[in-house]
2 protein chains.
Amino acid sequence: MDAVSSVSPVWPHGSAGDAGGAEPDGAVEPAASDVSVASAASRFAHAAWSGIAEPGDATAGRLVAALGSAAALECVVARQSPATILGLARDAGAAVGTAGEVEAALERWRPRLTTSTVLTSMRQAERCGARLIVPTDHEWPEGFEGLGPHQPVALWARGRPDAVLGLRSAIAVVGARAASGYGEHMAMELSAGLADRGFGIVSGAAYGIDGMAHRSALASSGQTFAFLAGGVDRFYPTGHDALLTRIAEVGVVLSELPCGSAPTKWRFLQRNRLIAAAALATVVVEAGVRSGSLNTAAHAAALGRPLGAVPGPVTSPSSAGCHRLLREFDAVCVTTPDEVVQLVGEVQRASPQPVLRGLEAPPSTQKRRPAEQVRVLDALGRRAPRSVDEVARRAGLGVAAVQSVLGALGLEGAVEEQHGGWRSVTSR
Amino acid sequence: MDAVSSVSPVWPHGSAGDAGGAEPDGAVEPAASDVSVASAASRFAHAAWSGIAEPGDATAGRLVAALGSAAALECVVARQSPATILGLARDAGAAVGTAGEVEAALERWRPRLTTSTVLTSMRQAERCGARLIVPTDHEWPEGFEGLGPHQPVALWARGRPDAVLGLRSAIAVVGARAASGYGEHMAMELSAGLADRGFGIVSGAAYGIDGMAHRSALASSGQTFAFLAGGVDRFYPTGHDALLTRIAEVGVVLSELPCGSAPTKWRFLQRNRLIAAAALATVVVEAGVRSGSLNTAAHAAALGRPLGAVPGPVTSPSSAGCHRLLREFDAVCVTTPDEVVQLVGEVQRASPQPVLRGLEAPPSTQKRRPAEQVRVLDALGRRAPRSVDEVARRAGLGVAAVQSVLGALGLEGAVEEQHGGWRSVTSR
């Protein structure tokens with residue numbers, strides 16, 4: 001395994017992380033000062049962590065927060081024991097988790113700890129003009145603080161410098177891919193109206209409502225922000241390549257995953273938390289009863305952010321999710337841009353609503369899989385079998401965990417072993 | 001003035017009040033016993049009061065509650081002074097109001113105190129098979145209690161004996177006259193579904209949503225209840241004559257006004273309180289921003305009854321009132337019959353919501369008139385002028401009050417004096 005031998009302080013200036021990556025406010029600029037060397041090492045480590053830990057990995061979040069990204073990475077590279085790592089964290093006055101949790105985390109992280117992957121993604125970021133934003137940068141979205149240990153370790157951004165600051169007055173407009181003409185009309189009306197009133201539009205660049213929300217903001221010369229579930233070097237969905245290119249010109253395309261990362265089901269769900277956390281409020285325009293937008297809504301509510309839902313005909317399945325948000329989850333009924341603006345002003349609603357936990361699991365006849373199964377299935381192909389090590393690396397899980405999950409999935413016939421590797425045999 | 005000279009204990013048996021008018025539970029049947037004489041006198045007085053006081057007259061409600069309908073009527077007939085009346089009420093342990101309020105009430109009531117009118121309405125009731133129900137009857141709707149002094153003094157009912165008892169498991173389904181195809185579809189779905197689940201449907205027999213709600217209940221062999229704003233002898237609207245005839249066959253057509261009474265704007269608003277009070281819950285299917293259904297919704301909420309609103313396309317003005325109920329007045333979003341049933345079960349919502357006061361005045365570009373102006377305009381014709389006495393009698397207001405209101409309306413040009421009488425000159 002081509003492990004990073006040590007955290008390189010000679011991370012080349014002029015590479016991706018430097019190309020627009022603003023230094024923390026008040027930091028002294030380059031020269032060979034200790035500050036800049038430490039900063040460069042820290043940025044390199046943040047970049048590495050964004051590829052090592054899957055989005056939302058709380059243990060990674062706590063460890064990086066406790067020791068700093070570079071020292072945290074050094075622990076993994078140097079194969080420190082969980083006890084040693086917990087001791088270091090304790091000395092820093094922080095709790096990272098139990099020894100078992102750290103052990104499991106190390107098993108998840110180590111298969112991904114290769115210099116080549118990190119450097120490849122950095123080179124690709126440089127090539128497509130993506131820059132790294134870390135939590136200490138002034139551009140870092142303020143709204144992410146509510147995510148606690150689930151905050152991303154880094155963000156990759158394609159767009160104009162400082163445009164990310166516009167997130168501080170942006171509203172998420174999200175909804176179903178399978179939108180109706182009515183839903184697209186409402187997404188357009190609301191987004192254009194909000195853009196006219198000076199608000200940015202945050203969304204997920206998907207087909208349907210998301211795409212219409214971005215487009216309307218662009219058409220109104222407003223700012224818009226697209227959070228992707230994969231690397232920002234490969235725009236997804238490909239049919240929105242031109243749209244995303246345009247967003248990168250006047251707004252920002254963002255991802256917590258390094259360049260080269262594929263979007264997976266797990267990453268889509270985690271991406272939704274970033275949309276909800278970055279925006280002042282979230283509005284669901286159309287959503288079927290099992291739409292991913294309900295997941296975004298659940299994150300918004302769990303974070304105590306205002307949540308709006310656009311009503312629609314009861315006879316339209318595309319509005320059923322919105323009606324559910326109104327009925328069961330205390331979403332506010334919004335019908336005009338002004339009503340959305342009022343939503344942002346409703347400070348009294350800004351307390352977390354614990355009832356929303358259930359929303360992450362919309363009622364469905366389809367069986368809900370545990371998170372680890374989702375991630376393992378994401379990592380498997382349907383043709384070529386993959387080794388357990390390979391699956392572990394792709395899924396961001398430990399080898400032992402992957403073996404156990406594969407066993408369970410094998411029992412139900414969802415995966416099968418072939419030529420010493422594994423492939424999936426069912427649709428998810 | 002052909003005033004009732006005394007409360008007649010010789011109220012003829014076999015007249016309207018007797019034609020199906022059930023005695024209170026356990027009351028001994030006729031004979032010339034004191035009980036039946038007193039009861040007959042009381043029923044006659046209730047019938048008289050239903051024509052003397054306009055719907056919702058709290059002073060009348062308090063006086064009848066304090067002294068009984070017959071003694072209360074006797075006070076008016078005998079031209080007792082306010083001081084004497086207040087003294088009698090005090091002796092009965094009740095507060096009726098200030099001397100000024102009683103004085104004003106007497107001025108409203110006296111112009112209407114004619115034996116002929118009462119007897120005419122009773123004869124007409126007998127002719128059309130309407131019977132009188134008074135608060136002590138076992139049929140009296142339980143839900144009316146929440147109305148306090150605004151409770152009606154009597155109900156006139158056309159329908160099968162005891163069918164009124166079905167109101168105890170009935171739900172109000174109301175909405176705009178100018179309903180859309182979508183609204184009518186939803187009214188049908190909900191009413192039919194509720195009828196299938198054993199609930200009666202209460203509504204106002206208007207065109208649009210109301211009519212569809214009644215029809216669907218009938219089509220599902222359910223029970224249905226129509227509250228009218230005028231007498232039950234003349235079905236209104238006339239286009240619903242056949243529908244109301246059918247409702248009277250299997251359900252009940254109800255009014256607090258005696259036969260011969262015309263529906264007026266004021267009476268429509270007061271009728272709405274009966275719908276909201278009689279039903280377990282109120283569902284608004286479609287309503288424009290100024291729909292009368294919002295008035296029914298306001299009554300339901302003020303009474304602490306569960307209130308549901310059916311969402312619709314934001315692009316449809318017919319749903320704007322429903323969205324307003326969802327946004328501002330905490331109505332529950334209902335989309336299926338089962339969700340309406342859940343509404344009834346929501347006991348925790350059954351506390352009065354004081355915020356709803358504003359709902360009686362939906363925002364509108366049209367000027368809102370004070371209640372007394374509405375009643376005076378209701379009482380004026382646009383062709384033949386009417387004397388102040390005549391207007392006072394029709395409006396159920398005192399002569400002095402009518403003069404003052406006519407003065408104000410005259411200043412704005414809404415009414416004009418002609419040949420010593422008054423007529424209205426503008427549309428309302």
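## A covered helix in chain B

In this predicted model, the buried residues of helix H14 in chain B pack against helix H5 (99-109), H10, helix H15 (388-395), helix H16 (399-411), strand E10 (415-418) and strand E11 (421-424) of chain B. Helix H14 itself spans residues 371-379 of chain B, and seven of its nine residues are buried, which leaves the helix mostly covered. The buried residues are B:Gln373, B:Val374, B:Arg375, B:Val376, B:Leu377, B:Asp378 and B:Ala379, a list that can be traced along the helix in the structure above.

## The nonpolar core and A:Phe227

The general background to this section is that, in soluble globular proteins, nonpolar side chains tend to be buried together. In this model the largest nonpolar core has 76 residues, and the residues with the most contacts inside this core are A:Phe227 and B:Phe227.

Which residues does A:Phe227 touch, not counting residues up to four places away in sequence? Its partners are A:Phe144, A:Leu155, A:Leu167, A:Val202, A:Ser203, A:Gly204, A:Leu254, A:Arg271, A:Leu274, A:Ile275 and A:Ala278.

## Aromatic rings

A pair of aromatic rings is described by the distance of the centres and the angle of the planes. Over all chains, the count comes to eight aromatic pairs. One of them is formed by B:Trp140 and B:Phe144, whose ring centres are 5.5 Å apart and whose planes make an angle of 80°, an arrangement called edge-to-face. Both residues of this pair are buried, B:Trp140 with a relative accessibility of 7% and B:Phe144 with a relative accessible area of 0%.

The rings of B:Tyr236 and B:Phe268 have their centres 5.8 Å apart, and because their planes meet at 55°, the pair counts as tilted. B:Tyr236 lies in the loop between strand E5 (224-227) and helix H9 (241-250) of chain B, while B:Phe268 lies in helix H10 (residues 265-278) of chain B, so the pair ties together parts that are 32 residues apart in sequence. B:Tyr236 is partly exposed, having a relative accessible area of 43%. The ring of B:Phe268 also has a charged neighbour, for the charged end of B:Arg177 sits over this ring at 5.7 Å from its centre. In chain A, A:Arg177 lies over the face of A:Phe268, also 5.7 Å from the ring centre.

## Salt bridges within the chains

The model holds 28 salt bridges over all chains. In one of them, the side chains of A:Glu328 and A:Arg324 meet with a distance of 3.5 Å from N to O. Why are these two residues about one helical turn apart? They are separated in this way because A:Glu328 and A:Arg324 are four residues apart in helix H12 (residues 320-328) of chain A. An α-helix has 3.6 residues a turn, so residues three or four places apart point the same way.

In chain B, the side chains of B:Arg423 and B:Glu416 meet in a salt bridge with an N to O distance of 3.0 Å; here B:Arg423 is buried at 18% relative accessibility, while B:Glu416 is partly exposed at 29%. Salt bridges can also be linked into a network, as they are for A:Glu54, A:Arg112 and A:Arg267.

## Where the two chains meet

The size of an interface is often given as the accessible area lost when the parts come together. Between chain B and chain A, the buried area is about 1,400 Å², of which carbon and sulfur atoms give 68%. Within the part that chain B buries against chain A, B:Val314, B:Arg327 and B:Cys333 supply 44%, more than any other three residues.

In terms of contacts, 18 residues of chain B are in contact with 18 residues of chain A. Two salt bridges are found across the interface of chain B and chain A. The side chains of A:Arg327 and B:Glu339 also meet in a salt bridge, at 3.5 Å from N to O.

Notes: Residues numbered from 1 in each chain as written. Chains lettered and ligands numbered in written order. Predicted model: local features only at pLDDT ≥ 70, side-chain atom pairs only at ≥ 80, totals over all residues. Heavy atoms only, no water. Salt bridge = Lys/Arg side-chain N within 4 Å of Asp/Glu carboxyl O. Buried < 20%, exposed > 50% of the residue type's maximum accessible area, 1.4 Å probe, protein only. Core = buried A, V, L, I, M, F, W, Y, C linked by side-chain atoms within 4.5 Å. Contact = heavy atoms within 4.5 Å. Phe/Tyr/Trp six-rings, centres within 6.5 Å; stacked < 30°, edge-to-face > 60°. Lys NZ or Arg CZ within 6 Å of the ring centre and 35° of its normal. Buried area = accessible area lost by both parts, 1.4 Å probe.
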